[in-house]
Amino acid sequence: MSKLSIAHFGLRSRNLPDAIDWYGKAFGAKVLYRDEVAAFMSFDEEHHRFVIWDDGETQPKSEVASGVDHIGFACDSLSHLADEYMRLMGLGIQPSLCVNHGFTCSIYYHDPDGNEVELTADNFPTKEECTAFMRSEAMKSVMQPPFYGASFDPSDLAKMRQNNASEADMAALGIN
Ligand SMILES: [Fe+2]
């Protein structure tokens with residue numbers, strides 16, 4: 001197993017103040033360095049998780065452009081995912097898509113430049129159970145376009161969380 005881990009993402013923006021505002025809200029990220037062109041931001045002990053810049057030459061990106069399609073961030077649990085959904089709704093940040101992928105539930109957002117950011121949580125208590133699902137026939141039936149899973153209404157997730165639903169009950173969202 002590699003000792004490498006993900007340090008940060010570099011994002012081009014066409015409107016740096018908007019991007020800083022969005023990542024500040026969505027991740028609670030703070031600016032640790034800023035100049036006319038770039039901002040280094042972090043939401044944890046790392047010195048930067050995002051470096052965002054606008055050098056005046058940034059072009060809009062097609063949604064189907066090759067390269068990185070989205071970046072996914074893990075929540076500890078489905079309860080945590082629900083909490084993040086409710087926190088972001090409170091900040092006026094709405095998801096573009098919510099999908100139960102069978103082994104995870106994911107909520108997708110777009111930053112002001114159209115980059116897709118995924119918040120995701122495992123549907124099983126252990127990584128072993130998640131990988132067992134991926135290797136099962138059930139995975140093949142889930143991995144079908146257009147959503148590669150079952151779309152769900154995030155307000156249902158929020159309601160379940162507010163009613164102290166179990167992780168197992170939340171893991172069935174959109175499936176039944
Ligand atoms: Fe993903």
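Two strands count as paired here when DSSP finds at least two bridges between them. With that in hand, welcome to this predicted model.

**The sheet**

Four strands make up an open sheet, running in the order β1-β4-β3-β2 with mixed pairing. The edges belong to β1 and β2 (30-34); each has a single partner strand, so one side of each has no neighbour in the sheet. On average, neighbouring strands here are turned by 25 degrees against each other, direction ignored.

| Residue | Opposite residue in β4 |
|---|---|
| Leu11 | Ile52 |
| Phe40 | Val51 |

**The iron site**

Now let's turn to the metal. Which residues are the protein donors of the iron ion? They are His70, through NE2, and Glu118, through OE, at 2.1 to 2.2 Å from the ion. This pair links distant parts of the chain: His70 belongs to strand β5 (residues 70-74) and Glu118 to strand β8 (residues 116-122), 48 residues apart.

Glu118 has 9% relative accessibility, so Glu118 counts as buried. His70 has a relative accessible area of 34% and is therefore partly exposed.

Key. Residues are numbered from 1 along each chain as its sequence is written. This is a predicted model: local features need pLDDT of at least 70, side-chain atom pairs count only at pLDDT 80 or more; totals for chains, interfaces and linings use all residues. Side-chain values use heavy atoms; hydrogens and water are left out. Helices (H or I, at least four residues) and strands (E, at least two) are DSSP runs, numbered from the N terminus. Axes are lines fitted to C-alpha atoms, for helices over the stretch in contact, and angles run from 0 to 180 degrees between N-to-C directions. Donors are N, O and S atoms within 2.8 Å of the metal (3.2 Å for Na, K and Ca); water is not among the atoms, so sites may look incomplete. Buried means under 20% relative accessible area, exposed over 50%, partly exposed in between (1.4 Å probe, protein chains only).
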